[in-house]
Amino acid sequence: MKKLIFILGFLLYVGSTNAQFKKGSPSSPSLLKGKAVYTQYCLPCHQADGGGVMNMNPPLIETTYVLGDKTQLINILLKGLNKPIVIDGDKYTNPMPAVSHLSDQQISDVLTYVRNSFGNKASAVSAAEVKAVRAKK
Ligand code: HEC
């Protein structure tokens, strides 16, 4: 009997962790790959919780850049960003280096991850969309 309860508990546990991923529209493999890219290329500046570092690196939590126009967002990664911006009343003047060496797939994964993490909820970014923006220059 104890064994049965254990197995039931285990199944419930597995079920609930799966459900977490199924909630959003982006598929879980894409989010997991996006998290790996984020950890390697964005986390040192924007931090694990997307909160950034005040007056140095802006937060990625519900900003107009993260949630807004995808072309602009993709271009920040392809071209970097070098203009003073104000987020939540704090000014950021450090430049962000481009990460254009990442593949279209890596950029789509990391942006889909960012748009669906840290409390953000926005549509996925596809590799085709990144490719189209890259082609325009
Ligand atoms: C060397 C530090 C650094 C790295 C690495 C970095 N960023 Fe940034 N990021 C910045 C800074 C600084 C700004 C503000 C630039 C400005 O004001 O011109 C910024 C701005 C942004 C913005 C627009 C402003 C906002 O907060 O919404 C987004 C989106 C963004 N970064 C996403 C990313 C993503 C995704 C990665 C990883 C692929 C990344 N950054 C890697 C430092 C960094």
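Student: Why is N55 called partly exposed?

Tutor: Its relative accessible area is 47%. Buried means under 20% relative accessible area, exposed means over 50%, and partly exposed is in between (1.4 Å probe, protein chains only). The value 47% falls in between, so N55 is partly exposed. Keep in mind that this is a predicted model: local features need pLDDT of at least 70, side-chain atom pairs count only at pLDDT 80 or more, and totals for chains, interfaces and linings use all residues. Residues are numbered from 1 along each chain as its sequence is written, and side-chain values use heavy atoms, with hydrogens and water left out.

Student: What is the phi of N55, and where does the residue lie?

Tutor: Phi is near 65°, a positive value in a residue other than glycine. N55 is in the loop between α3 and α4. Helices (H or I, at least four residues) and strands (E, at least two) are DSSP runs, numbered from the N terminus. Q47 lies in the loop between α3 and α4. Q47 has a positive phi of about 70° although it is not a glycine. Its relative accessible area is 28%, so Q47 is partly exposed.

Student: How many helices and strands does the protein have?

Tutor: There are 7 helices and 2 strands. From the N terminus on, they run α-α-α-α-α-β-β-α-α.

Student: What makes the site of the iron atom octahedral?

Tutor: Start with the donors. They are N, O and S atoms within 2.8 Å of the metal (3.2 Å for Na, K and Ca); water is not among the atoms, so sites may look incomplete. H46 (NE2) and M96 (SD) coordinate the iron atom of the ligand at 2.0 to 2.1 Å. Six donors count as octahedral if opposite donors are over 155 degrees apart and all others between 65 and 115. This site has 6 donor atoms, with angles of 87 to 179° among them, and is octahedral. Ideal angles for six octahedral donors are 90 or 180 degrees.

Student: Why does the pair H46 and M96 tie together separate parts of the chain?

Tutor: H46 lies in helix α3 (residues 43-46), and M96 in the loop between β2 (90-92) and α6 (104-115), so the pair joins parts that are 50 residues apart in sequence.

Student: Are H46 and M96 buried or partly exposed?

Tutor: H46 has a relative accessible area of 11%, so it is buried. M96 has 27%, so M96 is partly exposed.

Student: How do you know that α6 is largely enclosed?

Tutor: Of its 12 residues, 10 are buried, so α6 is largely enclosed by the rest of the structure. Among them are D104, I107 and R115. The buried residues pack against α2 (28-41), α4 (64-67), α5 (70-79) and α7 (127-136).

Student: Why are α2 and α6 called roughly perpendicular?

Tutor: They pack at an angle of about 100°, with their axes 7 Å apart. Axes are lines fitted to C-alpha atoms, for helices over the stretch in contact, and angles run from 0 to 180 degrees between N-to-C directions. Contact means heavy atoms within 4.5 Å. Angles of 65 to 115 degrees count as roughly perpendicular, under 35 as roughly parallel, over 145 as roughly antiparallel and the rest as oblique. Therefore α2 and α6 are roughly perpendicular to each other.

Note on methods. Tetrahedral: all angles 85-135°; square planar, octahedral: opposite > 155°, others 65-115°.
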